[in-house]
Amino acid sequence: MTKIIKVNPVKPEKELMKIAGNIIKKGGTVAFPTETVYGIGANAYDANSAKKIFIAKGRPSDNPLIVHIDSIKNLKNVAYTPKKIMNKLNKVWPGPLTIILKKKKAIPMEVSANLETIAVRVPAHPIALDLIKYSNCPIAAPSANSSGKPSPVKVESVINDLYGKVDLIIDGGDAFFGVESTILNFLTNPPEILRPGAYTVEDLKKIFGNISISEYAKGEKYAEIAITPGMKYRHYAPNTPLFIVADYIIKKLKKRKLNNIIILCTNENALNNVNEVIKLGSEKNLYEVARNLFESLRELDYRNAKAGFIQSFPYSGIGLAIMNRINKASGMQVIKTETMLTEIIKKYELKNV
Ligand code: TXA
Ligand code: MG
C-alpha cells in the first residue's frame, strides 16, 4: 500500500517528516520532491533497500543511483574528496549539481551498479534535506518516474508512475527547475560534464575553472560504453512519435493545417486556432521552458495525437539541458527540410483539417 501525505515545501511539518524518515530507516521507499525533479529514495547504506528502487522503477541494475546527503560535512562518509574541490563545494551546495568521486566502502555496489565511483549531491529542498536528516542516513534516489519516462515535476506524475510500488509519496508541490541536476565528473582532469542539468556549465566554470563537456552532453549520441551508464538508454520518451523542428517548419506546419498533431513550442511561436499546441513558456525565460518540458511530454501522450513536433533551443545556458532532454525524448528525429516534413506526414498519415 502506498500512502500519500501533503507536506509544506517551505517549512516541512516535523511530525510528518519523522514518519517519512522512519520508513527509510526501516528499509522502505519514499518519493519526495527536490529542487530539480521528484526522486524515489531509500537508505543508501543498505543494498536491499536500494534494490527496491530498481524494482519500483523497472530500472536496469547497471544504471547507478545518485546518493543524496544533507551537508558537505557528511560527504566523507560516502566518498573520497580531493582537498582542492572541498572548499569550493559550499558555493554550489545545497544545489542542483551532482559530482562523481571515488566511492567509500560504506556504499554498497548495488547503489553504484558495481562502479568504484559514486554520484553524490546535497539537494536544495527543505523536504529532501529533512528526509535525509530524519532518516539518519544518505539517501539513494533516482528520478521518481518509471524507467524511460520523463522525470516527474508534478506529484500527479509520481502517483501515475509509482502508486502501489513505493511505501510513501510526499506531495510537496511542483519541483522547481524541472530538469535534473548537472553531473560533473571530478575523476578526470579537467573535470567533465557528463549530463547537463539545472546548474549551467557557464556558472560551473566560474567556480571550478576549466571543465570539459562530454560529447554525449548534447544528447545527440548514445554511449556504447558509457561512463554515465544512464547515457546508454532511451530516456524521457513519450509514446507518441516526437520530432524536433526548426522555427520555419512550425510555420509550414501551420499552413498545412493538420488536425491530428501537437506542436510543442514557446508562447511566442504558439499558433492561434490552427493545430493543437502545448505552450512550453516564454522564449525570454528558458528556465520556464525547462520547468514545463517533462510535464508537456507527458501531456503529449494524454492528447492522443499521431505525432508531436517540438521546437529547438540554443545549446547555451539552461538551453543545453533542455536540448539534451529533447534530443533524447525524440530519439534524435530532426526535421530539417520541407521534403522531410512531407515524408513524415505521409508515413504517419497526418490528415488535413
Ligand atoms: O536532479 C537529479 O539528479 C535527480 C534528483 C532526484 O536528485 N536524480 C536523478 O537521478 O536524476 P537519475 O537516476 O534519474 O539519474 C542519475 C544519473 C544516471 O544517468 C546515472 O547513470 C548517473 O547519474 N550516475 C550515477 N552514478 C554514477 C557514477 N558513479 N558514475 C557516472 N554516472 C553515474
Ligand atoms: Mg532519471
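User: Is E7 mostly covered or mostly open, and how many of its residues are buried?
Analyst: In this predicted model, strand E7 is mostly covered, with four of its five residues buried.

User: Which way do E4 and E7 run in their pairing?
Analyst: E4 and E7 pair in the parallel sense, over three bridges. Ile 66 has Ala 119 in E7 as its bridge partner.

User: And E6 with E7, parallel or antiparallel?
Analyst: E6 and E7 run antiparallel and are joined by four bridges. Leu 101 stands opposite Ile 118 in E7.

User: What about the largest nonpolar core, which residues touch the most other members?
Analyst: Trp 93 and Phe 208 do, in a core of 45 residues. The elements giving two or more residues to this core are strands E3 (38-43), E6 (97-103) and E7 (117-121), together with helices H2 (47-57), H4 (89-92), H7 (155-162) and H8 (201-208).

User: What does Trp 93 touch?
Analyst: Leaving out residues up to four places away in sequence, Trp 93 touches Ile 72, Leu 75, Ile 99, Val 120, Arg 121 and Val 122.

User: Switching to the ligand. How many residues surround ligand 1, and which are the closest?
Analyst: There are 26 residues around ligand 1, and the closest are Thr 36, Arg 59, Asn 63, His 68 and Ser 181.

User: Which polar side-chain atoms lie by its oxygen atoms?
Analyst: One is on Thr 36, where a polar side-chain atom lies 2.7 Å from an oxygen atom of ligand 1. In Ser 143, a side-chain N or O atom is 2.9 Å from an oxygen atom of the ligand.

User: And which side chain for a nitrogen atom of ligand 1?
Analyst: Thr 117: an N or O atom in its side chain is 2.9 Å from a nitrogen atom of ligand 1.

User: Back to Ser 181. Where does it lie?
Analyst: Ser 181 is in the loop between E9 and strand E10 (182-185).

User: Why does Ser 181 count as buried?
Analyst: Because its relative accessibility is 2%, and the cut-off for buried is under 20%.

User: What does Ser 181 touch, then?
Analyst: Not counting residues up to four places away in sequence, its contacts include Thr 36, Ile 66, Pro 96, Leu 97, Arg 121 and Arg 195. Thr 98 is also on the list, and the side chains of Ser 181 and Thr 98 are joined by a polar contact of 2.7 Å.

User: New topic, H6. How many of its residues are buried, and which?
Analyst: Seven of the ten residues in helix H6 (residues 126-135) are buried. They are Ile 127, Ala 128, Asp 130, Leu 131, Ile 132, Tyr 134 and Ser 135.

User: What do they pack against?
Analyst: The buried residues of H6 pack against helix H1 (14-25) and strands E2 (30-33), E4 (66-68), E8 (139-140) and E9 (168-171).

User: Which residue follows H6?
Analyst: Asn 136, with a positive phi near 60 degrees.

User: Last one. What is the strand order in the open sheet of five strands?
Analyst: The order is E15-E14-E16-E13-E17, with parallel pairing. Strands E15 (276-279) and E17 (334-335) are the edges, each pairing on one side only.

User: Which helix packs on the sheet?
Analyst: Helix H9 (residues 247-256) does, touching strands E13 (242-245), E14, E16 and E17. The direction of H9 makes about 145 degrees with that of E14.

Note on methods:
Residues are numbered from 1 along each chain as its sequence is written. Chains are lettered from A and ligands numbered from 1 in the order in which they are written. This is a predicted model: local features need pLDDT of at least 70, side-chain atom pairs count only at pLDDT 80 or more; totals for chains, interfaces and linings use all residues. Side-chain values use heavy atoms; hydrogens and water are left out. Two strands pair if DSSP finds at least two bridges between them. Contact means heavy atoms within 4.5 Å. Axes are lines fitted to C-alpha atoms, for helices over the stretch in contact, and angles run from 0 to 180 degrees between N-to-C directions. A nonpolar core is a set of buried Ala, Val, Leu, Ile, Met, Phe, Trp, Tyr and Cys residues joined through side-chain atoms within 4.5 Å. Buried means under 20% relative accessible area, exposed over 50%, partly exposed in between (1.4 Å probe, protein chains only). A residue is near a molecule or strand if one of its heavy atoms lies within 4 Å of it. A polar contact is a pair of N or O atoms within 3.5 Å; within protein, one must be able to donate a hydrogen and the other to accept it, and residues adjacent in sequence count only if both atoms are side-chain atoms.
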